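These are my notes from going through one model, element by element. I wrote down each thing as I looked it up.

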Amino acid sequence: TKAIAHLKNFNLPQGTVQIPEIKAEIDLVMDKNNNMHGPILVNFGGSAMSANINGTLENPTLESLTIDLLVDDLANMMMLKHDKFTFGSSRIHVDGKLNIQNNKFFPRLKFGLSTPIIYKNESLQASLSLAGMFQDGEYDLTSRVETLAGNITANLKGTLDVNHLPNKIEKYPPFIFTVVANKLLLTKEAFRKLLYKESEEIDKSDLVIQEKKETLKFPSGEIFVSLREIMTGVTPLNMEARISVKSESLDVTQAVLKYTGDDKAALILRANISSGSNQNISGKLRADFQTFNVQGLYPFFPKFIDGITGVINGKINAKISTGRKLAYNIATDITAKNGEVRGLNLKEKIFPILEKWEEAKGKTTNKLSDLADLDQHFDSLELKGDLTDSEYKINKFNFSGGPKRVSVKSSGIMYDQHVTKDGEFFLVLSDVKLKKRYDISALPMRFFGRGLWPTLDYDYTLEKLGMQDK
């Protein structure tokens, strides 16, 4: 028996999938006992499927099964936007065998991408390859991404009964997911473009979580993460982490970051994240610094920081929840030694005060530009405070540059822009240059208002210096 079918202009309801022109050819030979054999060939767009059918109508076997699915065809069929992806001639290739017995499926398949898929945006370029297998109820899937001058390999393993798929995601069998990243180069520019969008300012008052009745759940499994020779500063970073996934929680039992060649210094992370009703997420994170040089975390700091070094000890504890609004509380208790913070631009904060000071004394000099060389090196730094979604509380901030260098002490509380009350914090800056050039041993400052750097109170400074603003 030979049959040819030709379908055109075929669309699924609601226009969710666009089916290209399909041509199917079946050439079967069937004997008196209903045993059949013969080839089947299906073509659609630039894709094709072929197999040899053996067996009976009730229990057929598709041998020499081959599927070549053009990725571009698949994206167009699913009406997916893919302007940042370049598929080229890449195909999803599948070959193997499929037995059908008593309305149950028993596949033995291997699959993968024929050539890598390319992703590119203004800050990142990556190529993705994929390979895997499924047989005897077990799957093994490996992907590799070439990016940032290195590579990331991910492997997913587990079991799955395709004839009895669970109706809930948390009921799927346990999985093992392994991620290994090698020799990535995380430059300041590339990484910060991923973290921060230049033209977009987020109003935290708009961060309202849409309520849903279901609790967010996960299948159980174990995740292993290994970072090897990751370059974020001068010395490569390494990390080993294990994450346990349960129905309603993720536990980072311990993630340890270390520099290559340094077994003593470490940053140890622990975390627990849980889901609740209405898909709310809550979590706790603890970071312990053990003589850890912060230069390796430089790309993660805000954009105005041009560089940072120093050996840190201490801890950071954070809590987060997503109720109707995003809420967080980050408690910091750290000390640092022998470092530098570039990009603070202290001169931009004190120049206006010194100008007022000069005016109040009735004279003006051209010495202000000399302060551009204010040293931002520190011998010691101490920070204790709490950062929440609505306020920034500094219990103690001491920045000591050492003898003949700048020293800063600060405390107070600031409120986010959406909070309807003003904050206030005080800062005292000392520097040998101030004494030498302006006869000021210490410069007291008061800030008030909203935001991280609110309004500077000139009258407060001039009053403390014994001179009223004219």
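**Entry 1**

I started at Val 428, whose bridge partner in strand 28 is Pro 444. The model is a predicted one, in which local features need pLDDT of at least 70 and side-chain atom pairs count only at pLDDT 80 or more, while totals for chains, interfaces and linings use all residues. Residues are numbered from 1 along each chain as its sequence is written, and side-chain values use heavy atoms, with hydrogens and water left out.

I noted that strand 27 and strand 28 (residues 443–449) are antiparallel, paired over seven bridges. Pairing here requires at least two DSSP bridges between the strands. Strands are DSSP runs of E with at least two residues, helices are runs of H or I with at least four, and both are numbered from the N terminus. Strand 26 (residues 407–415) also pairs with strand 27, again antiparallel and over seven bridges. There, Ser 410 has Leu 427 of strand 27 as its bridge partner.

Which residues of strand 27 make up its covered face? I found Gly 423, Phe 425, Leu 427 and Leu 429 on the covered face, while Glu 424, Phe 426, Val 428 and Ser 430 are on the uncovered one. In a regular strand the side chains alternate between the two faces of the sheet.

**Entry 1: the whole chain**

I looked up the totals next. The chain has five helices and 29 strands. Of its 470 residues, 33% count as buried. Buried stands for a relative accessible area under 20%, exposed for one over 50%, and partly exposed for the range in between, with a 1.4 Å probe and protein chains only. Of the contacts with a separation of 6 or more, 48% are between residues 24 or more positions apart. A contact is a pair with heavy atoms within 4.5 Å.

**Entry 2: the cores**

The largest nonpolar core has 44 residues. Such a core is a set of buried Ala, Val, Leu, Ile, Met, Phe, Trp, Tyr and Cys residues joined through side-chain atoms within 4.5 Å. Which members touch the most others? I listed Leu 267, Phe 289, Phe 292, Leu 427, Leu 429 and Met 445. Strand 18 (residues 237–246) gives this core its largest share, five residues. I then noted another core apart from it, with 18 residues, including Leu 28, Val 42, Leu 62 and Leu 98.

I went back to Leu 267 and left out residues up to four places away in sequence. Leu 267 then touches Ala 255, Val 256, Leu 257, Ala 287, Asp 288, Phe 289, Phe 292 and Leu 297.

Strand 6 (36–44) is joined to strand 7 (residues 47–55) by nine bridges, and the two run antiparallel. His 37 stands opposite Asn 54 in strand 7. Two residues lie between these strands in their hairpin, where Gly 45 has a positive phi near 60 degrees. Strand 7 is joined to strand 8 by seven bridges, also antiparallel, and the hairpin between them runs through four residues. I found Asn 54 again here, with Thr 61 of strand 8 as bridge partner.

**Entry 3: two asparagines**

Most residues other than glycine have a negative phi. Asn 34 has a positive phi near 70 degrees and sits in the loop between strand 5 (29–30) and strand 6. Asn 34 is partly exposed, at 44% relative accessible area. Asn 103 has a positive phi of about 65 degrees and sits in the loop between strand 10 and strand 11. Is Asn 103 buried or exposed? Asn 103 is exposed, at 69%.

**Entry 4: the second largest pocket**

A pocket is an open set of points on a 1 Å grid where a 1.4 Å probe fits, with protein on both sides within 12 Å along at least five of seven lines; its lining residues have an atom within 4 Å of a point. Among the lining residues of the second largest pocket I noted Met 49, Leu 62, Ile 92, Leu 98, Phe 111 and Leu 130. Strand 8 (60–70), strand 10 (91–101) and strand 11 (104–113) each give two or more residues to this lining. Strand 11 gives the most, with four residues.

**Entry 5: strands 15, 16 and 17**

Strand 15 (residues 150–159) and strand 16 (residues 175–182) run antiparallel and are joined by eight bridges. Ala 154 stands opposite Val 179 in strand 16. Strand 16 and strand 17 (residues 221–230) are joined by eight bridges but run parallel. Asn 182 stands opposite Arg 228 in strand 17.
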